[in-house]
Amino acid sequence: MKQTLVIVIHPDLENSLINQRWLEELNKYPEKYKIYDLHKLYPDEKIDVEKEQQLLEAHDQIVFQFPLYWFNCPPLFKKWLDVVLTHGWAYGKGSSYKLNNKKIALSITAGINEEDYQVSGRYKYTLKQLTAPFEITFNYVKADYRSVFAFYGAEHHATSDRIERNVQDYISFIEGVRRG
């Protein structure tokens with residue numbers, strides 16, 4: 001089985017306990033996971049579209065790992081989606097639909113608690129609802145959108161025990177994406 005591509009989009013990765021710990025664990029299995037840090041590769045945000053498209057074509061399982069920013073993704077991820085998923089390559093009349101049937105998932109760190117992300121909670125929307133545009137986008141390009149994995153409470157409840165339990169859940173989640 002090919003490696004799962006984990007595209008990390010975190011503008012302050014050095015200060016993210018959870019994202020760093022997730023990557024530390026994934027790096028133990030280089031035969032299974034390819035880590036790809038967009039902010040490290042594109043500090044100037046000048047994205048090499050052809051390189052990115054070739055990378056996506058070479059992988060059948062892709063996980064986008066990022067922190068939730070203002071109930072959305074970091075700006076570089078939005079830019080990446082806008083410039084990489086081009087008409088004719090990813091979608092549209094006469095398109096080759098290069099992401100067709102590729103398994104795609106999201107892994108997100110959310111600063112606030114899970115109970116706040118409920119219809120009856122503080123923000124009135126679930127994380128699944130907030131990430132619906134990603135699901136629609138990946139379905140539109142005929143990818144096999146899998147799901148979203150989250151660590152909630154990153155701002156105030158990221159104890160080392162809780163992070164360690166979550167790391168094992170994260171690996172299980174990605175293995176589920178790999179197996180289909």
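Predicted model: local features only at pLDDT ≥ 70, side-chain atom pairs only at ≥ 80, totals over all residues.
As general background, nonpolar side chains in soluble globular proteins tend to be buried together.

L23 takes us to helix α1, where it is one of the buried residues, along with I18, N19, R21, W22, E25 and L26. That makes α1 mostly covered, with 7 of its 10 residues buried. What do these buried residues pack against? Their partners are β1, β2 (33–37), β3, β4, β5 and α7 (160–179). S16 counts as buried because its relative accessibility is 9%, and its side chain makes a polar contact of 3.0 Å with that of N19.

Now for the charges. Side chains of opposite charge can pair when their charged atoms come close. The model has 10 salt bridges, and some of them form a network that links R21, E24, E25, K28 and E164. Another salt bridge joins D60 and K102, at 3.4 Å from N to O. These two come from distant parts of the chain, 42 residues apart: D60 lies in the loop between α3 and β3, and K102 in the loop between α4 and β4. Are the two partners buried or exposed? D60 is partly exposed, at 33% relative accessible area, whereas K102 is buried, at 6%.

Other pairs stay within one helix. D82 and K78 meet at 2.6 Å, N to O; they are 4 residues apart in α4, so about one helical turn separates them. In α7, R179 and E175 are likewise 4 residues apart, about one helical turn, and their salt bridge spans 4.0 Å, N to O. Here R179 is exposed at 60%, but E175 is buried at 14%.

Finally, look at the surface, where Y69, W70 and F71 form a nonpolar patch with about 390 Å² of accessible area together. Y69 lies in the loop between β3 (61–67) and α4 (75–84), and its 31% relative accessibility makes it partly exposed.

Note on methods. Residues numbered from 1 in each chain as written. Heavy atoms only, no water. Patch = residues over 30% accessible without salt bridge, like charges linked within 9 Å, V, L, I, M, F, W, Y side chains within 5 Å. Areas by Shrake-Rupley, 256 points an atom, 1.4 Å probe, with all protein chains shown as cover. Salt bridge = Lys/Arg side-chain N within 4 Å of Asp/Glu carboxyl O. Buried < 20%, exposed > 50% of the residue type's maximum accessible area, 1.4 Å probe, protein only. Polar contact = N/O pair within 3.5 Å; in protein donor to acceptor, adjacent residues only side chain to side chain. Contact = heavy atoms within 4.5 Å.
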